[in-house]
Amino acid sequence: MDKALIHTVVRNVEAVFSNSWRMVYQEKKEQLTQMFEQYGDRAYGVCIQEFMIPVVEQLRADGYSVKAGFNRKDSMENWGPPEERERCVWYVLHDDKGIPIGTMVLQIYHSHRTFHFPRAPRLFSVEVTDREQIISALSQATTRVRWDRVEERLPLSAEFQTAGDSWEYATDVALGDCLHGGETEHSGWTMDEALSHWGRYGWELVNVMPADGKVIAFFKRRRAV
């Protein structure tokens with residue numbers, strides 16, 4: 001089996017997916033908001049089922065079989081605050097001989113406070129097809145975080161546009177490098193310089209913790225409006 005095939009197949013339906021989710025989200029947001037007020041997160045399931053229809057149709061036209069709809073059992077939701085919760089829904093794809101070629105994953109960020117997408121949903125692919133392997137892959141942050149493209153942030157919902165302070169966070173895994181060496185190095189510019197480098201841009205050190213021989217430093221600052 002060509003392991004790279006699944007990545008090509010999913011890339012080929014990204015344009016269809018982008019048009020579909022935007023159309024459903026924009027045209028039916030009022031209806032889905034009312035559904036959310038009555039039934040909660042079920043509204044997201046209805047939304048997903050609808051905007052994935054053209055994607056599944058395109059995949060089938062390209063010669064691949066995939067189970068349509070939204071099956072909650074074929075998904076994970078473990079990450080993020082309730083205002084921006086991340087769910088990953090997976091769809092195993094098969095070729096015309098019924099052989100699995102890989103898994104397409106829908107990554108969707110959604111609010112549990114109101115019907116709202118804080119970020120644009122996206123598709124990505126993983127080469128595994130066994131359920132336990134899929135869950136294991138998605139449990140790794142490096143599988144779900146995309147470094148090769150800028151994520152599209154959507155406007156905040158009205159309830160958060162007038163909220164109080166908001167914060168942004170960053171980490172530094174190199175701060176511990178300043179702890180190596182003798183007393184001369186420690187009493188010199190190394191640690192002061194490293195911390196001041198963050199401080200001059202408004203970042204405040206809030207915590208440090210060891211991990212795999214490194215020291216992870218956690219910084220925060222008020223997010224600019």
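## Basis and overall fold

In this predicted model, local features require pLDDT of at least 70 and side-chain atom pairs pLDDT 80 or more, whereas totals for chains, interfaces and linings use all residues. Residues are numbered from 1 along each chain as its sequence is written, and side-chain values rest on heavy atoms, without hydrogens and water.

The chain contains nine helices and seven strands, taken as DSSP runs (helices H or I, at least four residues; strands E, at least two) and numbered from the N terminus. Of its 225 residues, 37% are buried, meaning under 20% relative accessible area with a 1.4 Å probe, protein chains only. Among contacts (heavy atoms within 4.5 Å) between residues at least 6 apart in sequence, 59% join residues at least 24 apart.

## Nonpolar cores

A nonpolar core is a set of buried Ala, Val, Leu, Ile, Met, Phe, Trp, Tyr and Cys residues joined through side-chain atoms within 4.5 Å. The largest has 34 residues, and Phe51, Met52 and Met104 make the most contacts inside it. Two or more residues come from each of α1 (5–12), α2 (14–27), α3 (29–39), α4 (42–61), β2 (85–94) and β3 (100–110). Helix α4 gives the most, with nine residues.

Beyond its neighbours within four places in sequence, Phe51 is in contact with Phe17, Ser20, Trp21, Val24, Leu106, Ile108 and Phe117. Another core, of nine residues, lies apart from the largest one and includes Met76, Trp79, Phe124 and Ile134.

Strand β1 (residues 75–79) is largely enclosed by the rest of the structure, because four of its five residues are buried. Three bridges join β1 to β2, and the two run antiparallel; strands pair if DSSP finds at least two bridges between them. Met76 stands opposite Cys88 in β2. The two strands form a hairpin with five residues between them, and Gly80 in the turn has a positive phi of about 95 degrees.

## Aromatic and charge–ring contacts

Rings of Phe, Tyr and Trp (its six-membered ring) pair if their centres lie within 6.5 Å; planes under 30 degrees apart are stacked, over 60 edge-to-face and the rest tilted. There are eleven aromatic pairs by this rule. Phe17 and Phe51 are edge-to-face, 5.9 Å centre to centre with 75 degrees between the planes. This pair links helix α2 to helix α4 across 34 residues, and both phenylalanines are buried.

A charge sits over a ring if NZ of Lys or CZ of Arg is within 6 Å of the ring centre and within 35 degrees of the ring normal. The charged end of Arg119 sits over the ring of Tyr109, 3.9 Å from its centre.

How values were computed:
Buried means under 20% relative accessible area, exposed over 50%, partly exposed in between (1.4 Å probe, protein chains only).
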